[in-house]
Amino acid sequence: VETSPGYTAAGFFGALNGTAKNFGIENATIKHISTGDPTDNGIAVVAGSIYNKGNIEGVTVKNATVEGNRYVGGIAGRAQNGTLIENVNIINSTISGKNSVGGVVGYNYRRKGGASGQGYNEAFAIVKNATADAATKVIGSDNSVGGIVGNNYGAIIVDCENYADVTGKSHVAGICGYSRDYHHDADCYVIGCKSYADATIT
C-alpha cells in the first residue's frame with residue numbers, strides 16, 4: 001500500500017472501530033508520507049487508526065516494512081478512546097518515521113478533562129502483552145520513538161516485551177519513547193514491561 005501526502009490514515013484498515021482478531025499478515029509494505037499536519041491519523045500494517053473501543057487481538061505481523069511521517073506503528077498508527085491492543089507480535093519488521101513511532105503503536109492516546117473546560121472523558125487506550133522481536137528495527141528521525149509505543153499520552157502499556165533496537169533523535173526508549181498525562185487530568189501508566197534491546201540517540 002502506498003498513499004499520497006493528502007491521505008490521512010493507511011493500513012489493512014485505514015480506520016478501525018470494531019474488532020480485528022486472530023490472524024497474521026506477512027510481507028506487507030505500507031508507505032504513507034503525510035503532510036504532518038493535525039489531520040494525520042496514522043499509518044501501520046493493521047490499522048492506520050483505531051478508536052471508540054476498537055480491539056486488535058491475537059495478531060502477528062511478520063516481515064513488514066512501514067514508512068511514514070508521524071503516528072507510525074507495526075500494529076496501529078494511532079489508538080484512542082477505549083481501544084485494546086492485546087497479544088500481538090511484530091517479527092522481523094522495520095518501522096520508520098519522523099516522530100511518534102512505535103514497534104507496535106505510534107500514538108497511544110486518551111483525552112480526559114483538558115484545557116479551558118473542554119470536558120473530555122474518554123476511556124483508557126491500552127496496549128497489553130505486545131512483543132517486538134530482535135529482528136525488528138524501530139527508527140525515528142526525530143522524537144518519541146519506542147520499541148512498543150512511540151508516544152503514550154494519558155494511556156496504558158502493560159506486560160509488554162521489546163527485543164527490537166530503537167533509534168531516534170530524542171525521547172527514545174525500549175518500551176515507550178515519551179509518556180505523559182493529558183493536561184494533568186488523565187494519568188498514564190507503563191506497568192510490568194521489559195526491554196532487552198538498545199535504545200540509541202542519533
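User: Which residues do ring pairs link into a cluster?

Analyst: Ring pairs join Tyr 71, Tyr 107, Tyr 109 and Tyr 153 into a cluster. Rings of Phe, Tyr and Trp (its six-membered ring) pair if their centres lie within 6.5 Å, and planes under 30 degrees apart count as stacked, over 60 as edge-to-face and the rest as tilted. Please keep in mind that this is a predicted model, in which local features need pLDDT of at least 70 and side-chain atom pairs count only at pLDDT 80 or more, while totals for chains, interfaces and linings use all residues. Residues are numbered from 1 along each chain as its sequence is written, and side-chain values use heavy atoms, with hydrogens and water left out.

User: OK, and how many aromatic pairs does a search of the whole structure find?

Analyst: The search of the whole structure finds 8 aromatic pairs. In one of them, the ring centres of Tyr 71 and Tyr 107 are 4.5 Å apart and the planes lie at 5°, so this pair is stacked. Tyr 71 belongs to strand E10 (residues 70–73) and Tyr 107 to strand E15, and the pair links distant parts of the chain, 36 residues apart. Strands (E, at least two residues) and helices (H or I, at least four) are DSSP runs, numbered from the N terminus.

User: Is Tyr 71 buried or exposed?

Analyst: Tyr 71 is buried, at a relative accessible area of 8%, and Tyr 107 is buried at 7%. Buried means under 20% relative accessible area, exposed over 50%, and partly exposed in between (1.4 Å probe, protein chains only).

User: What about Tyr 163 and Tyr 196, how do they pair?

Analyst: Tyr 163 and Tyr 196 form a stacked aromatic pair, with 4.9 Å from centre to centre and 15° between the planes. Tyr 163 is in the loop between strand E23 (161–162) and E24, while Tyr 196 is in the loop between strand E28 (194–195) and strand E29 (199–201), 33 residues apart. Tyr 163 counts as partly exposed at 32% relative accessibility, and Tyr 196 is partly exposed at 47%.

User: Back to E15, how many of its residues are buried?

Analyst: Strand E15 is mostly covered, with 5 of its 5 residues buried. Strand E15 (residues 105–109) pairs in the parallel sense with strand E21 (residues 149–153) over 4 bridges, and strand E11 (residues 76–80) also pairs with E15 in the parallel sense over 4 bridges. Two strands pair if DSSP finds at least two bridges between them.

User: Which residues stand opposite each other there?

Analyst: Val 105 stands opposite Val 149 in E21, and Asn 108 stands opposite Asn 152 in E21. Asn 108 in E15 is also the bridge partner of Ala 79.

User: And what order do the strands of that sheet have?

Analyst: The open sheet of 6 strands has the order E3-E7-E11-E15-E21-E26, with parallel pairing. Strand E3 (13–16) and strand E26 (176–180) stand at the edges with a single partner strand each, so one side of each is left without a neighbour in the sheet.

User: Switching topic, how many salt bridges does the structure hold?

Analyst: The structure holds 2 salt bridges, a salt bridge being a side-chain nitrogen of Lys or Arg within 4 Å of a carboxyl oxygen of Asp or Glu. Lys 128 forms one with Glu 86, where the closest N and O atoms are 4.0 Å apart. Lys 128 is in strand E18 (residues 126–132) and Glu 86 in strand E12 (residues 84–91), 42 residues apart. Lys 128 is partly exposed at 29%, whereas Glu 86 counts as buried at 16% relative accessibility.

User: Where does Lys 137 lie, and what does it pair with?

Analyst: The side chains of Lys 137 and Asp 165 meet in a salt bridge at 3.5 Å, N to O. Lys 137 lies in strand E19 (residues 137–140) and Asp 165 in strand E24 (residues 165–168), so the pair ties together parts that are 28 residues apart in sequence. Lys 137 is partly exposed at 34%, and Asp 165 is partly exposed at 28%.

User: Last one, what is phi of Asn 27?

Analyst: Phi of Asn 27 is near 60°, a positive value in a residue other than glycine. Asn 27 is placed in the loop between strand E4 (19–26) and strand E5 (29–32), and at 53% relative accessibility Asn 27 counts as exposed.
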